[in-house]
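Subject: Structure handover and what turned up in it

Hello,

Here is the structure I promised to pass on. My notes follow below it.

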Amino acid sequence: MRKRVIAGNWKMNMLPNEAIDFINNLAPLVKDTKNEVILCVPYTDLFYSLLTVQETNIHIGAQNMHWEEKGAYTGEVSAEMLKSINVEYVIIGHSERRQYFNETDETVNLKVKSALKHGLKPIVCVGETLKQREEGKTSEVITSQINKALSGLEKEDLQNVIVAYEPIWAIGTGKTASSEDANESIKEIRKEIENKFDTNDITILYGGSVNEKNAKELFSMSDIDGGLVGGASLKVDIFSQIANCN
Ligand code: PGA
């Protein structure tokens, strides 16, 4: 079901005491919003964050996971491990993981399937590079990424999946895709999902330099359901303004 979601991606920022303070300060500022507010925090903040959000309307997600159930994968964390402490969401296939940690469409798909199997809701990231955009390949790239990421899923699974369209050139650069361009790309993703699953009823976010100034316009577009917010999710006053956007 399409819903307005504002997800913060803290990336490799915030110590546990900072996470606790942040959530305690954010909670009263977002308590009346109808939007779903999610914070995707580093592993070391998960447990503290989950305790701190109790009795608030803030949801907690991780930023990555391994697709295997268990075994000799030093340094990795499984879906079952995340679920065991009540993590609800997990970002899968963020472009920084694709770029620096060799994640591929195939591993993204394995992770998405494992997350769903264990009752986690994946936030699946897709998006083109600047070069691909300049070569006119945006549509081809994002439809191929979304096809592979969601391969093997059933229509019912889409209720528990969020897609985030994040053009790589817009992440952390201060360059936002224009609302029209972002909406066009998200429309393409929706069309592709409709062809594949016979429904386009899925929450799709825009990500890439979302801030308190551009959020309202982006979220007012027909196909954009909300935002995945990096840098601007690290300051309570700014993130709360974005989280309250209708
Ligand atoms: P940004 O990051 O908002 O800092 O551009 C978004 C993201 O990487 O999810």
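Which residues is phenylalanine 219 in contact with, leaving aside its neighbours within four places in sequence? Before the reply, one caution: this is a predicted model. Phenylalanine 219 is in contact with Arg4, Ile6, Val210, Ile224, Gly226, Gly227, Ile242, Cys245 and Asn246.

**Cores**

Phe219 belongs to the largest nonpolar core, which holds 65 residues. Together with Leu39, Leu82, Val163, Ile189, Ile193 and Tyr206, Phe219 touches the most other members. Helix H1 (residues 16-30) supplies the largest share of this core, six residues. There is also a second, separate core of twelve residues. Among them are Ile38, Ile91, Ile162 and Leu228. As background, nonpolar side chains in soluble globular proteins tend to be buried together.

**Glycine 208**

Glycine 208 sits in the loop between strand S7 (203-207) and helix H9 (215-219). Is glycine 208 buried or exposed? Its relative accessible area is 4%, so glycine 208 is buried. Not counting residues up to four places away in sequence, glycine 208 touches Glu166, Ala170, Ile171, Lys175, Thr176 and Leu228. Leu228 is one of the residues in the second core. For a sense of scale, take glycine 208 and valine 41. They are 167 residues apart in sequence, and their C-alpha atoms are 18 Å apart in space.

**Largest pocket**

The largest pocket contains about 430 Å³ of space. It is lined by 17 residues, and Lys11, Gln63, Asn64, Arg97 and Phe101 are the closest to its centre. By class, the lining has eight nonpolar, five polar and four charged residues. Helix H4 (residues 95-100) gives the largest share of that lining, three residues.

**Salt bridges**

The whole structure has 17 salt bridges. In general, side chains of opposite charge can pair when their charged atoms come close. Several of these pairs deserve a look.

- Lysine 11 and glutamate 96 meet through their side chains at 2.8 Å, N to O. The pair links distant parts of the chain, 85 residues apart: lysine 11 is in the loop between S1 and H1, and glutamate 96 is in helix H4. Lysine 11 has 21% relative accessibility, so it counts as partly exposed. Glutamate 96 has a relative accessible area of 24% and is partly exposed. Lysine 11 is also one of the residues closest to the centre of the largest pocket.
- Lysine 3 and glutamate 36 form a salt bridge at 3.6 Å, N to O. Lysine 3 lies in the segment before strand S1 (5-9) and glutamate 36 in strand S2 (residues 36-40), so this pair ties together parts that are 33 residues apart in sequence. Lysine 3 is partly exposed, with a relative accessible area of 28%. Glutamate 36, at 15%, is buried, because buried means under 20% relative accessible area.
- Aspartate 105 pairs with arginine 98, and their closest N and O atoms are 2.7 Å apart. Both aspartate 105 and arginine 98 are buried.

**Cavity**

How many cavities of 30 Å³ or more are there? The count comes to one. The largest cavity has a volume of about 60 Å³. Its lining is made up of Gly93, His94, Ser95, Arg98, Cys125, Val126, Gly127, Gln145, Glu166 and Ile168. H4 and strand S5 (121-126) are the elements that give two or more residues to this lining. By class, the lining of the largest cavity has three nonpolar, five polar and two charged residues.

Arg98 lines the largest cavity and forms the salt bridge with aspartate 105. Glu166 lines the largest cavity and is touched by glycine 208. Helix H4 gives residues to the lining of the largest pocket and to that of the largest cavity.

Serine 95 lies in helix H4. Its relative accessible area is 8%, so serine 95 is buried. Leaving aside neighbours within four places in sequence, serine 95 is in contact with Ile168 and Ile171. Ile168 also lines the largest cavity, and Ile171 is touched by glycine 208.

Best wishes

Terms used. Residues numbered from 1 in each chain as written. Predicted model: local features only at pLDDT ≥ 70, side-chain atom pairs only at ≥ 80, totals over all residues. Heavy atoms only, no water. Core = buried A, V, L, I, M, F, W, Y, C linked by side-chain atoms within 4.5 Å. Buried < 20%, exposed > 50% of the residue type's maximum accessible area, 1.4 Å probe, protein only. Helix = DSSP H or I, 4+ residues; strand = E, 2+ residues; numbered from the N terminus. Contact = heavy atoms within 4.5 Å. 1 Å grid on protein atoms, 1.4 Å probe; cavity = no way out; pocket = protein on both sides within 12 Å on 5 of 7 lines; lining within 4 Å. Points joined across faces, edges and corners; volume = space filled by probe spheres on them. Nonpolar A, V, L, I, M, F, W, Y, C, P; charged D, E, K, R; others polar. Salt bridge = Lys/Arg side-chain N within 4 Å of Asp/Glu carboxyl O.
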